[in-house]
Amino acid sequence: MRSGLLRQRLLGLFALGLLLFNFPLMAVWDRDVLLFGLPLFPSALFFAWALLIAALAWLLERAPD
Amino acid sequence: MGSRKLAFIGREAGGRHLPELPFGRTAAARRGLTMLSPALVLGASLAYLLLLFVVAWWADARSQQGRSVIGNAWVYALSMAVYCTAWTYFGSVGRAASGGVWFLPIYLGPTLAMVLAWTVLRKMIRIAHTYRITSIADFMASRYGKSPLLAGLVTLITVVGIVPYIALQLKAVSSGYALLTTPLGAPSTGRGSWWLDGTLYVALALAGFTMIFGTRHLDSTERHEGMVAAIAFESVVKLVAFVAVGVFVTWGLFGGPGDLFARAMAVPELKALLSPAQQGTRFAYAQWFALTMLSMLSVIFLPRQFQVMVIENVDEQHLKRAAWVFPAYLLAINVFVLPIALGGLLYFGAGAANADTFVLSLPLAAGHNGLALVAFVGGLSAATGMIIVEAIAVSTMVCNDLVMPMLLRLRRFSQRGDVTGLLLAIRRAAIVGVLLLGYLYFHLAGEAYALVSIGLISFAAVAQFAPAMLGGMYWKGGARAGALAGLLAGFALWVYTLMLPSIAKSGWWQTDFVARGPFGIELLRPEQLLGLTSLDYLTHSLFWSLLANVGLYVMVSLLRTPKARETSQALLFVDVFDRTQASRPVFWRGRAKVGDLLALTGRFLGEARAAKLFDDYARARGAPDASRIEPDARLVQFVETELAGAIGSASARVMVASVVEEDKLDMDDVLRILDEASQLRAYSKALENATAELRAANQRLESLDRLKDDFMSSVTHELRTPLTSIRALAELMVDDPDMPAGQRQQFLGIVVGETERLTRLVNQVLDMAKIESGHAEWHNSEVDLVALLKQAGETVHELLRERGAELVMQLPARVPMLRADPDRLMQVLMNLLSNAAKFVPAQGGRVELRLYAGAEGATVEVQDNGDGVPAAQHALIFEKFRQGGDAWNRPQGTGLGLPICRQIVEHFGGRMELRPDTGQGACFVFTLPWNSRPEPAPPGASMAADGDRA
C-alpha cells in the first residue's frame with residue numbers, strides 16, 4: 001500500500017517535471033528580465049530543475065526500505 | 001590580472017567587428033606564450049591513465065578481500081554519470097554558444113527518467129538479475145522467447161549506432177590535444193602519418209585497459225568492480241575540472257556572474273541567446289520536447305548506461321539515492337556551461353574560435369596553462385569513461401549475440417572441451433575491434449560534424465530499443481515478430497532519415513538525394529519524408545522512426561498468435577515482482593542427466609566453477625552431493641540461467657537443448673504449468689498462514705504453561721508455610737513429653753488453626769480450578785439482593801464487633817430479582833466484608849455496605865476506612881496469591897479470595913474492581929447485570945473465555 005503511494009507520487013512528480021520543462025509553461029519565463037543580475041529564462045529552468053531534484057530526493061530518502 | 005581584463009573588454013566594446021580574425025592570432029597577440037609542450041600533455045595523460053589503472057586495481061583487490069568499494073549508492077550514482085561524455089564536456093558549451101539553453105534538454109530528459117527510475121529501472125534490474133541478463137540485446141532476446149535473431153539485430157543496431165559516438169570521443173581527445181600543443185598563431189601542420197597519430201595510441205591504450213578490467217575472467221553476472229570504481233573516479237575528475245574552469249571564467253576573467261551576464265546582455269546576439277522570445281523567432285518547442293524525450297530514453301537504453309545502471313547494480317535499494325544524486329550531478333556539471341560559453345564569445349568575439357573547445361582555449365588564452373591541462377585531463381576522463389564502458393557492453397553483445405550463435409553452428413566447436421578461453425579471446429577481440437572501428441570512423445568522417453550532431457544520431461539509434469524493451473516489461477502481449485518488425489522498421493527509417501543524410505552532408509558522398517529525394521522523387525526526401533517539412537531533421541527522423549517502430553510492434557504483436565516460449569518468457573518478465581524464487585514457474589518438460597548438464601556448464605564456465613555451482617545447488621536443495629541431485633526442470637533452468645550469464649540466453653537455450661531430451665511445450669502446457677505454479681503459490685500462502693496461526697497458538701500455550709508453573713509454585717509455597725509450623729510445633733511436643741499442659745494446649749490451638757488454614761486453602765484452590773475449568777456447579781435461582789446483603793451483614797456483624805468496627809448498610813427498599821447462585825454471591829460478599837474487617841483501624845473502624853439499583857444492573861460497594869490499597873498494587877490484588885501488603889507484613893489469608901470473587905462475578909456477566917478514587921480506605925465494587933447469563937455456559941466455552949483472560 002505504502003509502496004503504491006510512493007509510485008503514484010513519483011508519477012505525479014514526473015508529470016510536474018514534464019509540464020515545467022515544456023511549452024507553454026516554459027514560455028512564461030521567456031522574458032527579457034534580469035533576476036539578481038541573472039537572465040530569467042535560463043535561471044528559471046535551472047531553478048525548476050533543482051526543485052524537481054529536491055522533491056525527488058525528499059520522496060525517495062524518506063521511503064522505507 | 002585586472003588590467004588585462006580591462007584591456008580585452010575594452011577591445012570587446014570597440015572591436016566586435018573583428019570576428020573574422022583567426023582565433024589563434026588574436027589570442028597570440030594578447031599573450032605571448034600560449035602552448036604546452038607535447039611531452040607535458042602526453043605525460044599528464046599517461047599519468048592519468050595510470051592512476052585509473054591503480055584505482056581499478058585497488059577496487060578489484062578490495063572486492064576480492066570482500067570489502068567492496070562500489071557497494072554504496074554514491075559510487076553507483078557517480079558511475080551513472082558516465083552519461084556525461086566528452087560530448088557534454090566540450091559539446092554543451094559549443095551548443096550553448098550557438099543556441100543558448102539548447103544544451104539543457106539532454107540533461108532534463110535523464111532527470112525526468114530518474115523520477116521514474118524507482119518504478120521502471122528497478123523492474124529492469126530485478127529482471128536482469130533474476131535471469132542473469134548481461135546486455136540490452138540479451139534482455140530483448142530473452143523476453144521474446146530467447147530469440148537469437150532478435151539478439152543479433154539489436155547488437156547490429158548498437159554497433160552501427162555507437163561507433164560514431166566512440167569516434168566522437170576520440171575526436172574530442174585528439175582536437176583537445178592539438179589545441180594544447182599547437183603554437184597559437186602558427187599554421188596547423190595537418191595530420192601526420194597514421195603511426196604518428198596519438199589518437200590511435202589513446203584508442204589502443206583504452207582497449208588494453210578495457211581488456212584488463214572488463215574481461216579478466218568469465219563471470220556469469222558480468223560485474224566489473226574495478227571498472228565501476230574507475231568510472232566513478234572519472235566522474236569526480238571531470239566534474240571538478242569543468243567546475244574549476246567555470247569558476248575561473250566567471251570570477252577570474254569576469255567579475256562574477258552578474259558582470260558576465262550584464263556584458264552578455266549588452267550584445268544583441270548574446271542577448272538573443274538568453275531570452276529567445278526577444279529574438280523574434282519562435283522557440284522550437286516541438287524540437288525541445290523531442291530532445292527531452294530522446295535523452296530520457298537514451299539514459300536508459302544506451303549500452304553503457306544499461307551496463308552501469310542495470311548490470312553493475314549491486315543492490316536495488318541504491319537506486320533510491322542514486323535516482324536523485326545522478327540528476328544533481330547533471331545539474332552541477334551544467335551550471336557553468338552558459339558562463340563558459342558566453343565568456344568565450346565575449347573574450348574571443350563571436351565566430352572567432354571553435355566554441356566546442358572554449359573549456360580549453362579560455363584558460364590557455366588567459367595564460368593559465370596549468371588550468372588548461374587540468375581541463376584537458378577532465379575532458380580525457382569524460383571520453384575514456386564512455387569508451388571503456390561502451391566497449392565492455394558492446395563486446396559482451398558482439399560475443400554473445402553475434403559470434404556465439406555462429407560458432408554454435410560449427411561442428412568443430414561442439415567437439416571442443418573447455419571454451420572459456422575462447423570466449424574471453426572473442427571478447428577481447430571485440431573490444432579492440434570496436435575501438436578500431438571508432439578510430440576508423442573518426443579518421444574518415446570525424447572532421448565533418450560538430451560534436452553534438454554525432455551524439456544525437458547515436459541517441460536516436462538506441463531510442464529504437466525503447467518500444468520493445470518497455471513493451472516487453474509491461475505488456476504480456478508483446479510478441480517476437482512484433483519486436484522484430486518494429487526494430488527493423490525503426491532502424492531502417494533511422495538510417496534513411498538520419499544516418500544517410502549525415503554521411504551525405506559530411507561531404508564524401510557527392511549526391512543531391514538529400515535535397516531532391518532519391519531518383520528525384522520529392523516525396524521521399526529523407527529529411528522531409530512525405531512532404532513533412534515543419535520539423536527539424538532530428539525531430540523528423542525521431543517521429544517517423546518511432547511511429548513505424550511502435551506501430552509495427554503493436555500491430556504485428558496483436559495479429560500474431562504468440563508461441564509458447566514467448567508467452568512463458570512474457571509471464572516471467574512482466575510478473576517479476578509477483579513471484580519469489582521458489583514459486584516461479586519453470587517452463588520446461590523433458591528428461592536430463594546431471595552428468596551432461598555438469599559437463600556442459602564446465603565447458604563454458606570452467607570445470608572448477610561448474611563443480612562449485614553444482615555443489616552449492618545440491619546443498620540448497622538438500623541433496624548430499626552433486627551426483628545425487630534430481631535432474632528435474634528446476635535444475636535444467638538453473639543451468640540454463642547460469643550459462644545465460646556467460647554466453648547469452650539465446651545461446652544458452654541452444655546449448656541446453658543440445659544435451660537434454662526435451663518435450664516441446666505448447667500453449668496449453670504453458671498455461672497448465674502457470675496454473676500449477678499459481679496453485680503452489682496459493683498452497684504455500686495457506687501454509688504460511690497456518691504456520692503463523694500455529695506459532696501464535698504455541699505462544700499462548702507457552703504463556704499459559706508459565707502461568708500454571710507460577711500458580712503451582714505459589715500454591716506449594718502457601719501450603720508449606722502452615723505445614724512447617726504444624727510440623728515444628730508437633731516435633732516440639734514429641735521431643736518434650738513433659739511440656740506444661742498450658743503450653744501444649746496453646747501449641748495444639750495453633751496447629752488446629754494452621755490446619756484450618758490449610759483446609760481453606762486447598763478448598764479454595766479446588767474451587768478456583770473448578771470455576772476456571774468450567775466444572776463448578778451453579779445452583780441458580782431468583783435472588784433478592786436486599787435480603788442477601790442483610791444476611792451477609794448479620795453474619796459478619798460479630799466479627800466486626802470483635803474488631804471494634806461498625807457496619808453501616810445503605811440498602812434500597814427493594815430491587816428487582818436477580819438470577820444467580822445465592823451461595824456463590826454470599827461467598828463473594830463474605831470475602832469482601834471479612835477482607836474489609838481485616839484492614840479497618842483498631843480504633844473507630846467502619847465498614848460500609850451499599851447497594852444501588854441501576855438501569856443495567858445492581859451495584860454493590862464494600863468500603864472500609866483502612867489504609868487503602870497502594871496505587872501500584874491495584875492491578876495485582878486480583879491476581880492469584882497476590883495479597884496486599886509487602887512480604888513481611890502479609891495479612892492472614894490465602895491470596896485466592898479476590899481472584900475467586902472476580903471469577904464468580906464475571907461468571908454472572910458482571911465486573912468487579914477496586915474503585916481508585918476513594919479518599920480513604922479501599923472500596924471494592926461489583927456490578928451484576930439484571931439479565932445475567934441465562935444458564936451456566938458449557939465447559940468448553942467457559943474455558944475459552946478463561947483462556948482469553950489469561
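Predicted model: local features only at pLDDT ≥ 70, side-chain atom pairs only at ≥ 80, totals over all residues.

Trainee: What makes Ala468(B) count as buried?

Mentor: A residue is buried if 20 or more other C-beta atoms, placed from the backbone, lie within 10 Å of its own, exposed if 12 or fewer, and partly exposed in between. Ala468(B) has 28 C-beta neighbours inside 10 Å, so it counts as buried.

Trainee: Where does Ala468(B) sit, and what is it in contact with?

Mentor: Its place is in helix H23 (residues 466-474) of chain B; helices (H or I, at least four residues) and strands (E, at least two) are DSSP runs, numbered from the N terminus. Two residues are in contact if their C-beta atoms lie within 7 Å. Leaving aside neighbours within four places in sequence, the partners of Ala468(B) include Met140(B), Ala483(B) and Tyr553(B).

Trainee: And what makes Met140(B) worth a look in the largest nonpolar core?

Mentor: A nonpolar core is a set of buried Ala, Val, Leu, Ile, Met, Phe, Trp, Tyr and Cys residues joined through C-beta atoms within 7 Å. The largest has 241 residues, and Met140(B) is among those with the most contacts inside it, along with Phe301(B), Ala341(B) and Ala460(B). Helix H19 (residues 369-409) of chain B gives the most to this core, with 24 residues. Apart from it lies another core of 41 residues, including Leu832(B) and Phe839(B).

Trainee: Why is H17(B) called largely enclosed?

Mentor: Because 12 of its 12 residues are buried, it is largely enclosed by the rest of the structure. Ala341(B) is one of them. Gly349(B), with a positive phi near 90°, follows H17(B).

Trainee: How do you know that the length of H30(B) agrees with what it should be?

Mentor: The expected span of a helix is 1.5 Å times one less than its number of residues. For the 15 residues of H30(B) (633-647) that gives 21 Å, and the end C-alpha atoms are 21 Å apart, so the two agree. H30(B) is mostly covered, with 11 of its 15 residues buried, and Gly648(B), which follows, has a positive phi near 90°.

Trainee: What makes the packing of H35(B) and H36(B) left-handed?

Mentor: A crossing is left-handed if the near helix is turned anticlockwise from the far one by less than a right angle, and right-handed if clockwise. H35(B) passes H36(B) in a left-handed crossing. Their angle is about 145°, with axes 10 Å apart; axes are lines fitted to C-alpha atoms, for helices over the stretch in contact, and angles run from 0 to 180 degrees between N-to-C directions. Among the residues that meet are Leu832(B) in H35(B) and Ile904(B) in H36(B).

Trainee: Last one: how many residues does each chain give to the contact between A and B?

Mentor: Chain B gives 32 residues and chain A gives 27. On the side of chain B, H16(B) gives the most, with six residues.

Note on methods:
Residues numbered from 1 in each chain as written. Chains lettered and ligands numbered in written order.
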